[in-house]
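Here is a short briefing on one structure.

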Amino acid sequence: MVSIKSYLIALSAFLPPLAYAQSGCGSLPATFTPTTTNAFLPDPFSFLNGTAVTTQDEWACRSQEIGALFQRFELGDLPPSPQSVNGSFSNGVLTVNVSDNGKSISFQVPITTPKTGTGPFPAIIANGGSSVPIPTDVAVLNFNNNDIAEQNDQTSRGQGKFFQLYGTNATAGAMIAWTWGIARIIDALETTEGHNIDVTRLGVTGCSRNGKGAFVAGAFEPRLALTIVQESGSGGAGCWRISDYMLNDQDIDTQTATEIVQENVWFSTSFNPWVGNVTTLPFDHHLLAGLVAPRGLLVIDNTGIDWLGPESVWGCQTTGHKIYEALGVSDSFGITQQGNHSHCALPSQEAPDVTAFISRFLQGQSANTSIINTDGVNNVGFNQSLWVDWNTPDFGD
């Protein structure tokens with residue numbers, strides 16, 4: 001089990017890159033620049049200075065270091081809480097009002113609540129919509145993430161209400177901006193009456209590009225009890241190193257870092273210098289799962305679409321699962337892969353997995369969430385010995 005102390009410290013993982021020193025964990029040096037090439041997936045259980053992570057408290061600090069690295073070299077800075085957030089609820093719509101440094105924005109979030117029961121109800125924030133089955137006794141908040149940060153193509157850089165507030169030169173890519181927007185939704189829910197939502201039982205989901213964003217939101221917003229990531233591919237559940245290997249060594253047409261930064265504005269421009277040499281980065285997306293830990297996480301993938309990088313996702317997230325194992329919460333992270341269906345169309349055999357995670361983490365019910373399976377032959381080609389050269393500790397209680 002994870003200690004209360006460690007869990008509370010870990011909640012600070014979403015702080016801006018240099019702010020986590022306030023928790024007593026040290027800080028990421030302002031001058032740090034990655035220089036060491038590492039073909040393996042970076043060790044979750046070693047600090048940048050090489051010191052081993054052997055306890056839960058040390059992991060809490062390591063997770064903050066990882067969060068700072070993601071912000072500085074890939075995602076951009078997540079601003080601290082703004083000066084003012086308030087909301088109102090009327091006719092099934094939550095209006096969120098945000099002010100900071102003399103600028104203000106407002107956005108609206110439709111809420112669909114269950115037709116039966118008295119509430120307050122658990123709820124899932126649908127990042128750009130949802131394509132997983134949500135039980136009828138769970139509310140849905142439809143978050144128009146494009147309103148906060150556009151994602152049409154490269155011309156979307158700096159477009160959206162987040163950038164109206166923080167300026168078009170803000171370092172944040174679209175996904176960090178969406179994370180900020182989800183945090184403001186939760187702020188407004190906490191201070192607004194009438195919506196009948198239980199703010200202690202919130203989840204987030206999304207598919208494809210919006211699945212990438214759901215993963216980042218789950219990693220950096222600790223008030224989310226459950227994150228459901230569907231077919232997010234590279235930049236989400238896939239690891240940059242393995243995706244490059246698929247394309248360059250196996251001749252599989254899959255999305256890589258080099259391609260993705262030309263396609264859209266999900267990432268900070270600070271990521272651009274590294275996409276041609278991702279082995280220099282001191283992190284990869286197995287560590288994104290570590291930022292969600294120990295909270296609920298379900299990664300859903302499609303073995304039938306090479307562009308999504310099935311080998312990359314499976315290898316990346318089964319490696320990330322080792323963090324949950326070290327924390328003693330291995331059944332809080334599920335990974336499932338099925339092919340032979342369209343993108344974002346959930347196969348019937350995976351629907352019970354979604355139900356189980358929602359039942360346990362949002363509805364407080366007993367459910368079997370020990371789910372790790374793929375229909376891909378030989379683990380979709382993933383060979384752990386090529387990617388993991390470190391051991392998984394047992395942090396104990």
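Contact here means heavy atoms within 4.5 Å. Axes are lines fitted to C-alpha atoms, for helices over the stretch in contact, and angles run from 0 to 180 degrees between N-to-C directions. Helices (H or I, at least four residues) and strands (E, at least two) are DSSP runs, numbered from the N terminus. This is a predicted model: local features need pLDDT of at least 70, side-chain atom pairs count only at pLDDT 80 or more, and totals for chains, interfaces and linings use all residues. Residues are numbered from 1 along each chain as its sequence is written, and side-chain values use heavy atoms, with hydrogens and water left out.

**Sheet**
- An open, mixed sheet holds 10 strands in the order β1-β2-β3-β5-β4-β6-β7-β8-β9-β10; two strands pair if DSSP finds at least two bridges between them.
- β1 (84-90) and β10 (372-374) are the edges; each has a single partner strand, so one side of each lacks a neighbour in the sheet.
- Strand-to-strand twist averages 20°.
- β4 (residues 121-127) and β5 (residues 139-143) pair in parallel over five bridges.
- Ala126 stands opposite Asn142 in β5.

**Helices on the sheet**
- Helix α6 (residues 209-220) lies across β4, β6, β7 and β8 (296-301). Helix α6 runs at about 140° to β6.
- Helix α5 (residues 174-191) packs on the sheet and touches strands including β1 and β2 (93-100). The direction of α5 makes about 110° with that of β2.

**Thr227**
- Thr227 sits in strand β7 (residues 226-230).
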